[in-house]
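Morning, everyone. I have one structure to show you today. Please take a look before I start talking.

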Amino acid sequence: MNDQNLSHMTRKGVVGLTIAALATGAALGILFAPAAGRKTRDQIAKKGREAKDKMKEMLEEGRSLISKLRNEAENGADQVKDEARKAASAASKTSTAGSARS
C-alpha cells in the first residue's frame with residue numbers, strides 16, 4: 001500500500017469511527033433521557049402535590065381560625081348586649097325610682 005491509500009483509509013476510519021461514536025451517543029441519550037425526564041416530571045408532580053396539600057392545610061387552618069374568631073366576636077357582642085341591657089335596665093329603674101320620689 002502506498003501512503004495515499006493509507007491516508008485515505010485512515011480518514012475513512014476516523015470518519016466511520018466518529019459516525020459510530022455519534023450514533024452510540026445518540027442511542028444512549030435516547031435510552032437514558034426518557035428515564036431522567038420521567039424522573040424529573042415525577043419529582044415536579046410530587047412537589048406540586050406537596051404544595052397543593054400544604055395549601056389545603058393552610059386554608060383549613062385559616063378557615064378554622066376565622067370560625068374561632070367569629071365565634072369569639074359573636075360571644076363578645078352578646079356579652080356587650082347583655083351588659084348594655086343591664087345598664088339600660090338599671091338606668092330605667094333609677095330613673096323610675098327618681099320619678100316616684102318627686
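I'll go through the overall fold, then the salt bridges, then a charged patch.

First, a caution. This is a predicted model. Keep that in mind throughout.

So, what does the secondary structure of the chain come to? One helix and 0 strands. That helix is α1, and it covers residues 3-101. The chain has 102 residues.

Next, burial. What share of the residues count as buried? The cut-off here is under 20% relative accessible area. As for surface, the chain exposes about 9,100 Å². Carbon and sulfur atoms supply 62% of that area.

Now the salt bridges. Some background first. Side chains of opposite charge can pair when their charged atoms come close. In this model, the count comes to 4 salt bridges. I'll take you through some of them.

Start with Lys54 and Glu57. Their side chains meet in a salt bridge, at 3.8 Å from N to O. Both residues lie in helix α1. They are 3 residues apart, about one turn of the helix. Are they buried or exposed? Lys54 is partly exposed, because its relative accessibility is 45%. Glu57 is partly exposed too, at 42%.

Move along to Arg85 and Asp82. This salt bridge has an N to O distance of 3.3 Å. Why are these two separated by about one helical turn? Because they sit 3 residues apart in helix α1. Arg85 counts as exposed, with 55% relative accessibility. The cut-off for exposed is over 50%. Asp82, at 38%, counts as partly exposed.

Then comes Lys86, which forms a salt bridge with Glu83. The closest N and O atoms are 4.0 Å apart. Lys86 is exposed, because its relative accessible area is 53%.

Last topic: the patch. Which residues form the positive surface patch? They are Lys46, Arg49, Lys52 and Lys56. Let me pick out Arg49. Arg49 lies in helix α1. How accessible is Arg49? Its relative accessible area is 49%, so Arg49 counts as partly exposed. Remember, exposed means over 50%.

To recap. We have a predicted model with 1 helix and 0 strands. There are 4 salt bridges. And Lys46, Arg49, Lys52 and Lys56 make a positive surface patch.

Key. Residues numbered from 1 in each chain as written. Predicted model: local features only at pLDDT ≥ 70, side-chain atom pairs only at ≥ 80, totals over all residues. Heavy atoms only, no water. Patch = residues over 30% accessible without salt bridge, like charges linked within 9 Å, V, L, I, M, F, W, Y side chains within 5 Å. Areas by Shrake-Rupley, 256 points an atom, 1.4 Å probe, with all protein chains shown as cover. Lys, Arg positive; Asp, Glu negative; His and termini not counted. Charge placed at Lys NZ, Arg CZ, Asp CG, Glu CD. Helix = DSSP H or I, 4+ residues; strand = E, 2+ residues; numbered from the N terminus. Buried < 20%, exposed > 50% of the residue type's maximum accessible area, 1.4 Å probe, protein only.
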